[in-house]
Amino acid sequence: MEMTLRWFGNGFDSVSLKQIKQIPGVTGIISTLYDTKPGEVWQLDRIKKLKAEIEAEGFNLSGIESVNIHDAIKAGSKERDEYIENYIQSLSALGEADIHMVCYNFMPVFDWTRSDLAKRRSDGSTVLAYNQKIIDAIDPDKLFSSMEHKSNGFIMPGWEPERLAQIKELFTLYAEIDEKKLFDNFVYFLKAIMPICEKYEIKMAIHPDDPAWPVFNLPRIITNKEQILRFLKAVDNPYNGLTLCTGSLGSNPRNDIPDIIRSIKGRIHFAHVRNLKHESPGVFEEAAHLSKDGSMDMYEVMKALYDTGFDGPIRPDHGRMIWGEVAMPGYGLYDRALGACYLNGLWEAITKSVS
């Protein structure tokens, strides 16, 4: 296991590499070319520049999150082969730069959804939160403006203004796309990219849908154990795998995450570990990583990863906004640093207890 932190790059992130360097046990960075658009070919020189900047601070560039997928691929439009070829070229450039893990998602329109980016908790911190009744009452066209209001001036991943300015067109594009069609388009994409992944040993790690159920009647295909097993079987290649995100899968309390981990041993290429607190069906808020602060048992999650021989990058996921920090919601420095130390502590204790 390698402890990492997500970093959006200079000019996009309030957190610096020098600050991350001071978090004990963090040796890797998960980054991206944040200003690239879905469908755009990644250039090798830009990738090398990013990698050199990260390595100059003593880190590994442990993976990319994300190389976003163009909607033509997800919807199976006539232009999809053109955009798949662009994606293959981007993977080739990453392989040439000696980068071997890519996290991505296959969610239509919204990469993730929350009803509040800054819900105040009893301790004074603020967190990302979800309430299905609030979402049901929101016009999708107006969701972006409500999210932007509490984004602290940052562009949120998956909520880029130029893309969401076309939200009506996107809903029209997906109007005839049901779960079966979306899954078939996903398999088509995976089969097309596997040869380049094999050539460069690039592990593709799809991120589960967030939350783990349909939103605004848009289909979702990575929400539970059955769907995960289905896509792994459909393209049974070791380079086709999962980003194990406890928060996304855990949004549905019926998902037994330690069981999911043990059921797909060897196919988890990346892990996002975070906690959340369930209030009622369809209502949850994110929490500190500490198990008792939320509804999830972080020890059992980390133990399952250890027991299955997980050796990939892991990162603390969305943190609370604490101590007066102003940052991209979920991606401040302080609470993610606490999370990294807590998860490292769990891993050390598990390792010593079984040795």
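**Entry 1: helix 5**

I started with Gln132, which sits in helix 5, residues 132-137. This is a predicted model, so I kept that in mind throughout. I looked up the exposure of Gln132 and got a relative accessible area of 18%. That counts as buried because the cut-off is under 20%. Setting aside neighbours within four places in sequence, I found Gln132 in contact with Trp213 and Gly282.

Ile134 is in helix 5 too. I noted Ile134 as partly exposed, at 41% relative accessible area. I also checked Ile134 against Ala304: they are 170 residues apart along the chain, and their C-alpha atoms are separated by 35 Å.

**Entry 2: the barrel**

I get a closed barrel of 8 strands, in the order 1-2-3-4-7-8-9-12, with parallel pairing. On average, neighbouring strands of this sheet are turned by 30° against each other, direction ignored.

I picked one pair to look at. Strand 9 (residues 268-273) and strand 12 (residues 313-316) run parallel and are joined by 3 bridges. Which residue of strand 12 is the bridge partner of His272? I found Arg315 there.

Then I looked at what packs on the strands. Helix 13 (residues 298-307) packs on the sheet and touches strand 9 and strand 12. I read about 165° between the direction of helix 13 and that of strand 9. Helix 10 (residues 225-234) lies across strand 7 (203-206) and strand 8 (240-245). Against strand 8, helix 10 runs at about 160°.

**Entry 3: the nonpolar core**

The largest nonpolar core has 92 residues, and Ile193 and Leu305 touch the most other members. Which helix gives this core its largest share? I found that helix 9 does, with 11 residues. I also noted a second, separate core of 5 residues, among them Met101, Cys103, Ala205 and Phe270.

I listed the contacts of Leu305, not counting residues up to four places away in sequence: Ile261, Ile268, Ala271, Val273, Phe310, Ile314 and Trp347.

In helix 9 (residues 179-200) I stopped at Phe189. Phe189 is buried, with a relative accessible area of 0%. Again not counting residues up to four places away, I have Phe189 touching Ile69, Ile73, Ile84, Tyr87, Tyr104 and Phe106. From Phe189 to Arg220 I got 16 Å, C-alpha to C-alpha, for 31 residues of sequence.

**Entry 4: Thr246**

Thr246 is in helix 11, residues 246-250. Is Thr246 buried or exposed? I have it as buried, at 0% relative accessible area. The side chain of Thr246 reaches the backbone oxygen of Arg274 at 2.7 Å. Beyond neighbours within four places in sequence, I found Thr246 in contact with Ile257, His272, Val273, Arg274, Met296 and Val301.

**Entry 5: salt bridges**

My search of the whole structure turned up 23 salt bridges. I went through a few of them.

Glu57 pairs with Lys18, the closest N and O atoms being 3.2 Å apart. Glu57 is in the loop between helix 2 (44-55) and strand 3 (60-65), and Lys18 is in helix 1 (residues 17-20), so the pair ties together parts 39 residues apart in sequence. I noted Glu57 as partly exposed at 22% relative accessibility, and Lys18 as exposed at 55%.

Lys51 and Glu55 form another salt bridge, with closest N and O atoms 3.9 Å apart. Both lie in helix 2, 4 residues apart, about one turn of the helix. Lys51 is buried at 15%, whereas Glu55 is partly exposed at 42%.

I then came back to Arg274, which forms a salt bridge with Asp210 at 3.3 Å between the closest N and O atoms. Why does this pair tie together parts 64 residues apart in sequence? Arg274 is in the loop between strand 9 and strand 10 (276-280), and Asp210 is in the loop between strand 7 and helix 10. I have Arg274 as buried with 0% relative accessible area, and Asp210 as buried at 3%.

I followed shared partners from there. Arg6, Glu65, Arg114, Asp210, Arg274, Glu286, Arg315 and Asp317 are joined by salt bridges into one network.

Notes. Residues are numbered from 1 along each chain as its sequence is written. This is a predicted model: local features need pLDDT of at least 70, side-chain atom pairs count only at pLDDT 80 or more; totals for chains, interfaces and linings use all residues. Side-chain values use heavy atoms; hydrogens and water are left out. Helices (H or I, at least four residues) and strands (E, at least two) are DSSP runs, numbered from the N terminus. Buried means under 20% relative accessible area, exposed over 50%, partly exposed in between (1.4 Å probe, protein chains only). Contact means heavy atoms within 4.5 Å. A nonpolar core is a set of buried Ala, Val, Leu, Ile, Met, Phe, Trp, Tyr and Cys residues joined through side-chain atoms within 4.5 Å. A polar contact is a pair of N or O atoms within 3.5 Å; within protein, one must be able to donate a hydrogen and the other to accept it, and residues adjacent in sequence count only if both atoms are side-chain atoms. Two strands pair if DSSP finds at least two bridges between them. Axes are lines fitted to C-alpha atoms, for helices over the stretch in contact, and angles run from 0 to 180 degrees between N-to-C directions. A salt bridge is a side-chain nitrogen of Lys or Arg within 4 Å of a carboxyl oxygen of Asp or Glu.
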